[in-house]
Amino acid sequence: MDRRLRRIQEALVGDWVGATGEIVKTKKGELSVKVASWSLLAEARRPFPDKWHGISDVDMRFRQRYVDLWVTEEARRAFQARSRIVSSTRRWLEARDFVEVETPVFHPIPGGALAKPFITHHNALDMQLYLRIAPELYLKRLIVGGFERVFEIARVFRNEGLSPRHNPEFTMLELYQAYADYTDMMRLVEELVADLAREICGSTVLTYGGRELDLTPPWRRATMTELVAEHAGVEVDVRMPVEHLRDLAVGFDIPIKNEWGAGKLILEIYEKTTEHALWGPVFVIDYPTEVSPLARDHREVPGLVERFEGIVAGRELCNAFSELNDPVEQRARMELQGDQRASGDEEAMAVDEDYIRALEYGLPPTGGLGIGVDRLVMLLTDTTSIRDVILFPTLRPEAGSGDES
């Protein structure tokens, strides 16, 4: 046997080989190369797993994504779909006059969401900085500055636990539109998601987790209190005595804190009894003011704000407000958050003096929206774990890596 041919046959799956020669057709009519010379371009020191059997070790799939992508066709399709979803979202928004911007990842003050931040240190300035938990406050500064429609597809960081729905580092689409409110944001969400479903899945009616899901607009709108009454069988209202709401929470085995007011208690009852049961899609509207420090007061119901979350297949897909634009009210709410932070709540926000100063120049009525891109990809690819749609998810160090401290 020709020595060169024998070396090709001995090559591992994954070796990269370059060949030159005449392009010919085989007896079956397939294009091929009649090899005149060849060379080994890169040698594989490890053989890839067999594509037929795939990878049985789930941890290996996430740690060695390069192997997973080579072996697992479904993984490649999911990440190709993710790329299409992000690209299509960008084009969809640009066609509606939204301008894509970039805002800082390092924040001097954590804000824009209720979450525990990651902390780092800048040596040259000798100052503590936080990896952003949301781009919200910077994007609204741009609305103040005259950009009427802005969006950012932003990598954000939250120092939280790991779960099939949570990764400490994830991607968020945030957008803000001047002269709009939360009703405009509802229409935008349902139209965007429906158009993406048509492009990626071929229809607004799809299957998720073996169950049919119809994303055709319009989606249902229902208040948080209505949904709690439907699913938990109890009436709740921010105007109820706090003691009564505490008793209800205890009855649902919810650990409570003394400092929680009526709004926080209602949110906890909703999340424990109702959210997971909402197949949807449904917009859960009108949240308590206590848990929504950046949203505008409801135009009709005291104690509530104009906020919604879009719930699809039992999980939050998006969060949106009519944005609070009163600097005096914003300061009061931030100071309350600051007090909670000083009392040990690591997810509470701090007072951002520069953001309040920006509001003093005048933020026009604005609708704001955040969509979890990873969860959107999970929805449109029928994926149940966020690790399957993030190329390199956060993992514990491998045993024996020397980096387990």
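Guide: Let us start with the rule for rings: those of Phe, Tyr and Trp, the last by its six-membered ring, pair if their centres lie within 6.5 Å, and planes under 30 degrees apart count as stacked while those over 60 count as edge-to-face. Please keep in mind throughout that this is a predicted model. Here Trp 219, Phe 283 and Phe 308 form one aromatic cluster.

Visitor: How many aromatic pairs does the rule give, and how are the rings of Trp 219 and Phe 283 placed?

Guide: The count comes to 3 aromatic pairs. For Trp 219 and Phe 283 the ring centres are 5.1 Å apart and the planes meet at 25°, so this pair is stacked. Trp 219 sits in the loop between strand S10 (211-214) and strand S11 (220-223), whereas Phe 283 belongs to strand S12 (residues 282-288), so the contact ties together parts that are 64 residues apart in sequence.

Visitor: And what arrangement do Phe 283 and Phe 308 adopt?

Guide: Their ring centres are 4.9 Å apart with the planes at 70°, so that pair is edge-to-face. Since Phe 283 lies in strand S12 and Phe 308 in strand S13 (residues 304-312), the pair ties together parts that are 25 residues apart in sequence. Phe 283 is buried, with a relative accessible area of 0%, and Phe 308 is likewise buried at 0%; Trp 219 is buried too.

Visitor: Turning to charges, how should I read a salt bridge, and how many salt bridges are counted here?

Guide: Side chains of opposite charge can pair when their charged atoms come close. In this protein the count comes to 32 salt bridges. In one of them Lys 140 is joined to Glu 323, the closest N and O atoms being 2.7 Å apart. Lys 140 is in helix H5 (residues 136-144) and Glu 323 is in the loop between strand S14 (315-322) and H10, so the pair ties together parts that are 183 residues apart in sequence.

Visitor: Are Lys 140 and Glu 323 buried or exposed?

Guide: Lys 140 counts as buried at 1% relative accessibility, and Glu 323 is buried as well, with a relative accessible area of 1%. Another salt bridge joins Arg 221 to Glu 190, with the closest N and O atoms 2.9 Å apart; Arg 221 lies in strand S11 and Glu 190 in helix H6 (residues 182-201), so parts that are 31 residues apart in sequence are tied together. In that case Arg 221 is partly exposed at 32%, while Glu 190 counts as buried at 5%. There is also a network of salt bridges that links Arg 61, Arg 65, Asp 68 and Asp 388.

Visitor: Finally, which residues make the nonpolar surface patch?

Guide: Ile 23, Leu 31, Val 33 and Val 35 make a patch of about 400 Å². Strand S2 (residues 31-42) contributes the largest share, 3 residues, while Ile 23 has its place in strand S1 (residues 16-25) and counts as exposed at 62% relative accessibility.

Technical notes
Residues numbered from 1 in each chain as written. Predicted model: local features only at pLDDT ≥ 70, side-chain atom pairs only at ≥ 80, totals over all residues. Heavy atoms only, no water. Helix = DSSP H or I, 4+ residues; strand = E, 2+ residues; numbered from the N terminus. Buried < 20%, exposed > 50% of the residue type's maximum accessible area, 1.4 Å probe, protein only. Patch = residues over 30% accessible without salt bridge, like charges linked within 9 Å, V, L, I, M, F, W, Y side chains within 5 Å. Areas by Shrake-Rupley, 256 points an atom, 1.4 Å probe, with all protein chains shown as cover. Salt bridge = Lys/Arg side-chain N within 4 Å of Asp/Glu carboxyl O.
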